[in-house]
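Colleague: I am new to this structure. Could you take me through its side-chain contacts?

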Amino acid sequence: MDNIPVLVDKTDNLIEVIKTKKPLVALVANTSWSIYNFRLNLIRFLQANGYRILVIAPKDNFSSNLIAEGVSYQHLNLDNYGTNPLSELNIIRQLRKIYRKNDIDFIIHYTIKPNIYGSIAAKLAGIPSIAITTGLGHLLSFSNEFTKVISIFLYKLASSLSKEVWFLNQTDLDDFLRLKIVKATKTFLLPGEGVDTSFFKPQSQKSNGNSMRFLFAGRIIWDKGFREYIEAAKVIKEKFPHCEFDVVGFLDPTNPNAVPYDYILEQQESDLIKFHGETNDIRSFLNRTHCVVFPSMYREGLSRILMEAAAMETPIITTDNVGCKELIDEGVTGFIVPKSDHTQLVEKMTHFINMSFKERLVMGANARLKIIREHDHNNINAIYLKRIKEFV
């Protein structure tokens with residue numbers, strides 16, 4: 001009798017393990033850079049609320065930074081501008097394999113290709129997902145009609161497979177409904193991706209010296225209005241020699257609309273602009289800038305640089321473009337000009353120069369109040385958490 005084995009019921013222990021296991025949320029995007037720079041605060045917030053995070057994105061200089069934050073990381077081989085059908089299908093295969101081998105509870109897709117191919121892969125893997133439309137880029141403006149039709153068809157398929165499709169501005173949402181890409185019952189309007197207004201805050205009062213500093217910041221591609229910024233700078237410099245024009249951002253040679261380095265070098269050698277390259281912390285530039293000029297024609301979701309600038313009490317001049325105009329109260333927090341109109345841009349920049357020091361300070365203060373009221377990261381994170389709990 002003494003040698004009879006005793007059977008131990010491990011059911012209670014198993015139940016306890018299941019109860020204490022933290023749900024895993026995957027964030028999928030076309031760059032590690034965008035996840036780190038735009039969604040790090042969300043990652044930390046979700047971790048603090050009991051979620052594990054897996055980031056799936058192409059490897060770049062920020063992938064290791066994400067790992068240092070305690071997240072799991074998987075490389076995704078993705079060409080943002082590729083159109084080869086076999087390569088595009090391989091994205092679905094890659095993602096389905098990653099989704100199946102990881103015990104993922106919920107997936108959030110960002111940007112066009114992850115939204116389309118990731119939503120298909122998630123459905124194949126049996127994992128609930130949402131797609132967040134962070135901007136349409138050229139999706140609705142392809143010159144090739146066949147490419148446009150195929151892209152819309154794929155987005156329609158992906159939308160049907162996602163639990164929800166989120167938008168950062170009303171115009172994008174309305175366009176998707178108009179084109180019948182998504183059902184209204186599946187849409188959700190997120191007021192931006194949030195700005196940490198305790199991090200992006202004025203570090204000192206703007207100077208009232210002889211010089212006036214303007215700043216262009218972002219990807220240096222023609223669609224972001226870089227040519228308009230340069231042409232306006234030439235006119236302003238003639239009228240107001242004390243004005244200075246800074247450029248901060250990264251060159252994207254793989255982008256068909258990339259601004260050539262030789263063009264930037266030419267403007268710098270003529271003493272028109274000062275090119276500072278990329279930066280890991282835009283705050284020092286925003287703190288010394290009197291006005292951010294962002295004449296974008298690109299279909300933004302909600303422009304990140306404009307939100308960060310406003311949070312630091314920096315007035316803005318931008319275009320009546322989707323994802324830009326929503327962030328400006330005309331004449332109160334900045335100015336809006338028509339797209340591709342450098343004459344109007346010059347007029348608004350001239351008006352800003354002629355404003356009194358106090359008027360510029362009030363405009364900057366109003367800009368920060370608008371961001372705190374409408375786009376503070378705490379409010380956005382709370383929305384994410386509430387929606388995720390409905391699916392996980």
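Modeller: Start with a definition: a salt bridge is a side-chain nitrogen of Lys or Arg within 4 Å of a carboxyl oxygen of Asp or Glu. Keep in mind that this is a predicted model.

Colleague: By this rule, what does the count of salt bridges come to?

Modeller: The rule looks at side-chain nitrogens and carboxyl oxygens. Applied here, the count of salt bridges comes to 21.

Colleague: How many residues apart in sequence are the parts that arginine 44 and glutamate 69 tie together?

Modeller: The two side chains meet in a salt bridge, N to O at 2.8 Å. Arginine 44 lies in helix H2 (residues 32-48), and glutamate 69 is in the loop between helix H3 (63-68) and strand E3 (72-75), so the pair ties together parts at a sequence separation of 25 residues.

Colleague: Is arginine 44 buried, partly exposed or exposed?

Modeller: Buried means under 20% relative accessible area, and exposed means over 50%. Arginine 44 has a value of 42%.

Colleague: Which helix holds both arginine 304 and glutamate 308?

Modeller: Their side chains form a salt bridge, 3.2 Å from N to O. Both residues are buried. They sit 4 residues apart, about one helical turn, in helix H11 (residues 304-311).

Colleague: Where is glutamate 330, the partner of lysine 348?

Modeller: The closest N and O atoms of this salt bridge are 3.5 Å apart. The pair links distant parts of the chain, 18 residues apart. Lysine 348 is in helix H12 (residues 342-354), while glutamate 330 is in the loop between strand E12 (316-319) and strand E13 (334-337).

Colleague: Which residues do salt bridges with shared partners join into one network?

Modeller: Shared partners connect the separate bridges into one network. Its members are Asp172, Asp175, Arg178 and Arg299.

Colleague: Now the rings. How many aromatic pairs does the structure hold?

Modeller: Rings pair if their centres lie within 6.5 Å. The structure holds 17 aromatic pairs.

Colleague: Are tyrosine 155 and phenylalanine 176 stacked or edge-to-face?

Modeller: Their centres are 5.0 Å apart, with 80° between the planes. Planes over 60 degrees apart count as edge-to-face. Tyrosine 155 is in helix H6 (residues 145-161) and phenylalanine 176 in helix H7 (residues 170-178). The pair is edge-to-face.

Colleague: Is threonine 133 buried or exposed?

Modeller: Threonine 133 is found in strand E5 (residues 129-133). Leaving aside neighbours within four places in sequence, its contacts include Tyr155 and Phe176. Its relative accessibility is 1%, so threonine 133 counts as buried.

Colleague: Which ring does the charged end of arginine 39 sit over?

Modeller: The charged end is 3.8 Å from the ring centre. The ring belongs to tyrosine 110.

Colleague: Which residues touch the most other members of the largest nonpolar core?

Modeller: That core has 84 residues. Among the contacts of phenylalanine 214, not counting residues up to four places away, are Tyr229, Phe245 and Phe352. The residues touching the most other members are Ile108, Phe214 and Phe226.

Methods:
Residues are numbered from 1 along each chain as its sequence is written. This is a predicted model: local features need pLDDT of at least 70, side-chain atom pairs count only at pLDDT 80 or more; totals for chains, interfaces and linings use all residues. Side-chain values use heavy atoms; hydrogens and water are left out. Helices (H or I, at least four residues) and strands (E, at least two) are DSSP runs, numbered from the N terminus. Buried means under 20% relative accessible area, exposed over 50%, partly exposed in between (1.4 Å probe, protein chains only). Rings of Phe, Tyr and Trp (its six-membered ring) pair if their centres lie within 6.5 Å; planes under 30 degrees apart count as stacked, over 60 as edge-to-face and the rest as tilted. A charge sits over a ring if NZ of Lys or CZ of Arg is within 6 Å of the ring centre and within 35 degrees of the ring normal. A nonpolar core is a set of buried Ala, Val, Leu, Ile, Met, Phe, Trp, Tyr and Cys residues joined through side-chain atoms within 4.5 Å. Contact means heavy atoms within 4.5 Å.
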